[in-house]
Amino acid sequence: MQAKKRYLTLFSAGACLILLFCFGGIQVPLSRGASRRDDRSLAGYRPGARWRHFPGSLQPFSPREQDDHNEHISPRQKRDANLGVYGGKRCRMESCFDFSMCKKNGFKVYVYPQQKGEKMSESYQNILSSIEGSMFYTPDPGQACLFVLSLDTLDRDQLSPQYVHNLKVKVQSLHLWNGGKNHIIFNLYSGTWPDYTEDLGFDIGLAMLAKASISTENFRPGFDVSIPLFSKEHPRTGGERGYLKHNTIPPYRKYMLVFKGKRYLTGIGSDTRNALYHVHNSEDVVLLTTCKHGKDWQKHKDARCDKDNAEYDKYDYREMLYNSTFCLVPRGRRLGSFRFLEALQAACVPVMLSNGWELPFSEIIDWNTAAVIGDERLLLQIPSTVRSIHQDKILSLRHQTQFLWEAYFNSVEKIVLTTLEIIQDRVLQHTSRSNLMWNSLPGGLFTLPQYSTYLGDFPFYYAKLGVKPYTKFTAIVHVVSPLVSQSQPVMKLLVAVAKSQYCAQVIVLWNCDKPLPAKHRWPVTSVPVIVIEGESKVISSRFLPYDTIPTDAVLSLDEDTVLSTTEVDFAFTVWLSFPDRIVGYPARSHFWDGNKERWGYTSKWTNDYSMVLTGAAIYHKYYHYLYTTYLPASLKGMVDQMSNCEDILMNFLVSSVSKLPPIKVTQKKQYKEPMMGQSARASRWADPDHFAQRQTCMNKFASWFGTMPLVHSQMRLDPVLFKDQVSILRKKYRDIERL
């Protein structure tokens, strides 16, 4: 009996071994003579496979191999593992960008010289001009951190007349190309009929893309930059202001939701626009499409075309745009659309219907604060969705559209500079901007992180942080005349300013050709008086960001200014409430001369003003840094050559940043030109060419800014009891009325 049990056990074990061997459970070691290629030629062999693969077995639904190591990979990693339309699909800053090229000279951008015979579109020329006119540009490739092609890559549609042929060969022949490393390629259109892929028609290698209508599938986060689609008429500089002129409460307009555009009858992008008629009601939801586009549209027309075309012609697009609360922005043949920028400018809240579109500058802009992100699959829910948005939210969305339009989108220059600033933040991560800097006034282009990364060091964020500016100021007195006697106006000015309870110190900027006076010749004051020789004795040196300025506020003074201590105190208390503006005494204005078709400058006493001269004004010291680093050398050089207009240029700068006028405080008659009759002969204000130069400056500055940033105002701030029929003893600034 025991023998039978042993035989039965051995038989069972043998049978199990045979079964395991047949189904691949046991791998038989190959002899040493067997090659590895023979091993891999076995049917169904895969390293680590546990089951034999039979030719007739079912294939998995996914074309990918179902290896164990893929089970815990995220969807984005799986997507990155597949090759996309770009060769460097897996590129990120850490892997495809050489940071060492930016260490020595900082973030500098080199533009390749234009090659003879190469055609270039006006839009691409505007992009290159914007780069060459920026503070990032360098003509020396050895100093560059980033490179931009002079070959026009904007339109890569093979059917377009702007298409550049043989771009692959031309790019590869560039001696600095280096596989595309540290290069950026600008593109607005890619692909062609019928599929409109995002392929540019040449290998971009390791280059970054600044591309319009880019999909989230092909967008490389933290490497590429999504830019808006803009037309060839988009201005190079300046750009128009937004169309929101005043706050309308409640914020509802004539129409709730509008759209007017092409209806694609067939092909990519046709599904959404073909379905718009389902939600069109001809009342407050007006969604109009036309079939009349293209040469052979009649061949493809359907039963709705004639009705759609007739209704399309009844409405004026601009009238609809400016009188609607929401504007639909559906995809076209490509993901992006011109309607996007048009809606932003018109303060019409964009309703996005373009699934898979990586929105412009999505890395820095929170689009949930300025747009409604819809889903093409849920088109029928769009009207009820926008109707449910509260009017407070609508007003907030509308204001944000205006901010974003003016900060980043209203000119080619701002689109280009925003792109470069985003890349600079990646390169110099330790000084990158915060989300608040990008998404609130005045925007990332005017809050330079090289100055500071702390929001409280800028004049724009005190209210958001719940703090106030430092309640002291530093006076900077600009001196160009030699010190002859103790009775000179500058000596009296120093004493009056130093007596202010808010004065921390006085800096005398000595821009006189004579040697510095001895220390004992300056008046004795209760606060420090520091004398600094001006750099190169030029007038712009009064706006240098001196390290010796410890306060937030700067009181800028000319040597012949007449101010009392009371006037200084009052002006400073006003500035504490308006730290982002210029606050001061002598005011001037600008106007448009229709006969000469140019801007004019006037010093006449009128009912409005647009400038406060820096001969007696208070502003934040950050504007010294902006004046020095943001403005081009050409403007500052012109100012220094003429020794004139530096005050006008500072007003242009501050108004372009704040979008607000300066603030004029109580003015006395003595401020009428010239401020000091005794020194008028020696003053530059007595120069007969002085006024003509200032007229020229106005137009030169407006040309560089691309628009007129100065804003008129009719507001003057006086002490509360100023000129009131009450006892002088009740008044805090009683001395002002006696002046």
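Visitor: Which residue is the bridge partner of Val258 in S10?
Guide: In this predicted model, the residue of S10 that forms the bridge with Val258 is Cys327.

Visitor: And how do S8 and S10 pair, parallel or antiparallel?
Guide: Strand S8, residues 255–262, and strand S10, residues 324–330, run in the parallel sense, and three bridges join them.

Visitor: What's the strand order of the sheet?
Guide: The sheet is open and has five strands with parallel pairing, in the order S9-S8-S10-S11-S12. Strand S9 (285–290) and strand S12 (372–373) stand at the edges with a single partner strand each, so one side of each has no neighbour in the sheet.

Visitor: Which strands does helix H9 lie across?
Guide: Helix H9, residues 305–312, lies across S8 and S9, and its direction makes an angle of about 115° with S9. Helix H13, residues 391–409, lies across S10 and strand S11 (349–353), running at about 90° to S11.

Visitor: Switching topic, where is the pLDDT below 50?
Guide: The protein averages a pLDDT of 86, with 85% of the residues scoring at least 70. Over residues 25–71, however, the pLDDT is below 50, and this stretch has 26 contacts in the model beyond near neighbours in sequence. Residues 80–84 also stay under 50, with seven contacts beyond four places in sequence.

How values were computed. Residues numbered from 1 in each chain as written. Predicted model: local features only at pLDDT ≥ 70, side-chain atom pairs only at ≥ 80, totals over all residues. Heavy atoms only, no water. pLDDT = per-residue confidence, 0-100. Contact = heavy atoms within 4.5 Å. Pairing = 2+ DSSP bridges. Helix = DSSP H or I, 4+ residues; strand = E, 2+ residues; numbered from the N terminus. Axes fitted to C-alpha atoms, helices over the stretch in contact; angles between N-to-C directions.
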